[in-house]
Amino acid sequence: MSCKTCMRPLAIVLCSICALAFVRLCVLVPQATLAAQIDSEPELEEAEGAALLDTGGNVLYAYNEEERFPPASTTKVMTAMVALDSGRSLDEMVTIREDDLGEGGQLADYGDGDQVPLGELMQVMLVYSGNDAAYNTACHIAGSEEAFAKLMNAKAKEIGMTNTHFVNSHGMDVDDHYSCAKDLAIMGRYAMQHYPFICQTVVMEEAQTTVRGYPTVLKATDQLLGKFDGIRGVKSGAVADGYSFVGASGRGDVQLYSGVIGCKTPMGRFNDTATLMEWGYENFGEYTISNSSWVTRMQPYAYDFGYKVPLSAVQDVTCSLWPNIKDVSYKSVLVRPNALMGTNSICGWADWNQKGRKMGGALYGTHERPVRQSSWPLFVSALFDEPDPMGEGGLDEQ
């Protein structure tokens, strides 16, 4: 059985009449006033392009999101993904080769012939943004930076970065090396959802390594770490033509991914990222998806055929809902839909999603006491007298 919910702000949301016998499991009750559309926009000060995504990849905000700019060192997020895709051990040693990486770039200043573990090199690349760390990672994996760039472009295409082209692994500004705000946000979301090493590294406030035989501590370039509530990385970038930042953050059941590009000052990229994400959190509304007082079903009682036992959520659960996205769906499972049941038993669960973003879930169980069917109001009894809505095998999926 399948049906969709149609979200109506400031009203109880019901699923299609086809699920009448289980209708209360599809109810959302608003706990905060929420407009049908978002009228305000984030007040960005410097970004020439910006994009904000949720965990499902839905675009919550976009401004010049496909305009091309130099991505600068945000490039290194893709470098890390491609290196990790290679399957090489993070413990294997990389022999450093010095190369002319241009003037003005960030360098850890490794010496020719230094031996550095691959994982350590990638931490220096992501935390401190060392161009020499990125270059040597690329050469170690693919033999040359040109060969590695081909792998980067293939990966970009694979994950949906349709307006990006990489020429190098570090992000120094050269012809035909470009990206856009939306692609940066897509890249950040994908990296944080699929690569634990990246997630663990980009929240580090410093990276430790050995440079020319001396233990060295290199500070993170991410100025939001420890300053913005919920920040989880990811990567800053800077070239002569502008500053950029790929960001990730999470509060409660909401995770956001951002890309800002073309900023005029170093702090502008961080300030605009904070503004963009704060705007996102402020516009999510809180809704109740389950309430322990809502009876969702009446099950046959195992010990007296004259009684039934009510089924409700074990506890109240609220979730965050984005008002401009109308697609809300759920999946519910009743383990034994036609079985006789006792009291105080967990017997099912449900999960809610908003267009690919998991909103929350709840367990369902039977009440402490059974009741006679005749003790329930007629209109309630009619709901639960419908044929079993869970279908064969107990799976109801919307």
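Mentor: Before we start on this predicted model, one term: patches are made of residues with over 30% relative accessible area and no salt bridge, and nonpolar side chains are joined within 5 Å.

Trainee: Okay, which residues form a nonpolar patch on the surface here?

Mentor: Val314, Val335, Ile346, Trp349 and Leu363 do, and together they have about 480 Å² of accessible area.

Trainee: Where does leucine 363 lie, and is that residue buried or partly exposed?

Mentor: Leucine 363 is in strand E18, residues 357–366. Its relative accessible area is 46%, so leucine 363 counts as partly exposed.

Trainee: Switching to the inside: how many residues has the largest nonpolar core?

Mentor: That core has 77 residues, and Met78, Met81, Tyr110, Met187 and Ile198 have the most contacts inside it. There is also a second, separate core of 19 residues, including Val317 and Tyr330.

Trainee: What does methionine 81 touch, beyond residues up to four places away in sequence?

Mentor: Methionine 81 touches Ile159, Met187, Tyr190, Ala191, Tyr195 and Ile198.

Trainee: And alanine 134, buried or exposed?

Mentor: Alanine 134 is buried, because its relative accessibility is 0%. This residue sits in helix H3, residues 131–142. Lysine 76 is 58 residues apart from alanine 134 along the chain, yet their C-alpha atoms are separated by 6.8 Å.

Trainee: Last one: what should helix H7 span at 1.5 Å a residue?

Mentor: The 18 residues of H7 (266–283) should span 26 Å, and the end C-alpha atoms are 27 Å apart, which agrees. Among the buried residues of H7 are Phe270, Leu276, Met277 and Trp279.

Terms used. Residues numbered from 1 in each chain as written. Predicted model: local features only at pLDDT ≥ 70, side-chain atom pairs only at ≥ 80, totals over all residues. Heavy atoms only, no water. Core = buried A, V, L, I, M, F, W, Y, C linked by side-chain atoms within 4.5 Å. Buried < 20%, exposed > 50% of the residue type's maximum accessible area, 1.4 Å probe, protein only. Contact = heavy atoms within 4.5 Å. Patch = residues over 30% accessible without salt bridge, like charges linked within 9 Å, V, L, I, M, F, W, Y side chains within 5 Å. Areas by Shrake-Rupley, 256 points an atom, 1.4 Å probe, with all protein chains shown as cover. Salt bridge = Lys/Arg side-chain N within 4 Å of Asp/Glu carboxyl O. Helix = DSSP H or I, 4+ residues; strand = E, 2+ residues; numbered from the N terminus. Expected span 1.5 Å × (residues − 1).
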